[in-house]
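Colleague: Please take one part of this model and go through it closely. I would like the part first, then what surrounds it.

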Amino acid sequence: MDKAPKRILIVDDDNEIRELLEFDIAQSGYHVDTAKDGLEGLNKVLNNSYDLVLLDVMMPKMNGFDVCKNIRQAKLAIPILMLTAKGTINDKTDGFECGADDYLVKPFDIQEVLLRIRVLLRRNQIEDNSSLTNEILHVGDIEIFPESLECVVINKKIKLTPTEFEILYCLMQHFNNAVTLATLLDEVWGYDGNEDVRMLRVHVGGLRNKIEPDGKNPKYLHTVTNVGYKLTPFTEG
């Protein structure tokens, strides 16, 4: 039996862009729903089941940053790809701090949008749990649960965004060893780029704040200067 197509919500107040995205994404085999402003988009996310949201920033009634915040506050781990004309690194950082998983600046190439969609959907779905039998899901104080995008740190259950989960998963596969920034960008996003290093650091900061008893004095997720990051999942003592 064929699997049902993935459901994608496009939230954008620009009719031309929204209709273009709707047509091309539907042609690629996805089920597409749309919203014309931020408030309508948020209501649809909260009352329906989607596999991914494409979210504009500058919209009437509610901007994309606030929509993203509200989705995360509702404990929804749905991947969010922000599409916006606001392209400075500070704007990108604002988006990631709100809980977005990836970011594309207008004007964009539709093939790049489709590539990012595939990466985010692949990341957010574990199609066959048996494929993880040889992967590290529990080590030291940390256990991760791919089905629910959660981790447990010393009996404390923590909900992660898809990106935070992927970063933690990658680091757990190499625990006690430094993982380079390039490796993390490639394994989590599927591509490398100097500009995206700051994006990675924002997500690591969010993950650190969730899993560490004291985010300013980490005991698990350590920065390795001029290299990347290292996970040491064992409590000292």
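**Helix 6 and its surroundings**

Helix 6, residues 162–173, has 12 residues and reaches 17 Å from its first C-alpha to its last, close to the 16 Å expected at 1.5 Å a residue; the expected span is 1.5 Å times one less than the number of residues. Helices (H or I, at least four residues) and strands (E, at least two) are DSSP runs numbered from the N terminus, and residues are numbered from 1 along each chain as its sequence is written. This is a predicted model, in which local features need pLDDT of at least 70 and side-chain atom pairs count only at pLDDT 80 or more, while totals for chains, interfaces and linings use all residues; side-chain values use heavy atoms, with hydrogens and water left out.

Helix 6 is mostly covered, with 11 of its 12 residues buried. Buried means under 20% relative accessible area, exposed over 50%, and partly exposed in between, with a 1.4 Å probe and protein chains only. The buried residues are Pro162, Thr163, Glu164, Phe165, Glu166, Ile167, Leu168, Tyr169, Cys170, Leu171 and Met172.

Two of these, Ile167 and Leu168, join Leu55 as the residues that touch the most other members of the largest nonpolar core, which has 55 residues. Such a core is a set of buried Ala, Val, Leu, Ile, Met, Phe, Trp, Tyr and Cys residues joined through side-chain atoms within 4.5 Å. Beyond its neighbours within four places in sequence, Leu168 is in contact (heavy atoms within 4.5 Å) with Ile142, Ile144, Cys151, Leu160, Leu207 and Leu231.

The largest pocket has a volume of about 430 Å³. A pocket is an open set of points on a 1 Å grid over the protein atoms alone, where a 1.4 Å probe fits, with protein on both sides within 12 Å along at least five of seven lines; lining residues have an atom within 4 Å of a point. Among the 21 lining residues, Arg72, Gly99, Thr161, Glu164 and Lys210 are the closest to the centre. Helix 3 (64–73), helix 4 (89–98) and helix 8 (196–211) are the elements that give two or more residues to this lining, and helix 8 gives the most, with 6 residues.

Conventions:
Points joined across faces, edges and corners; volume = space filled by probe spheres on them.
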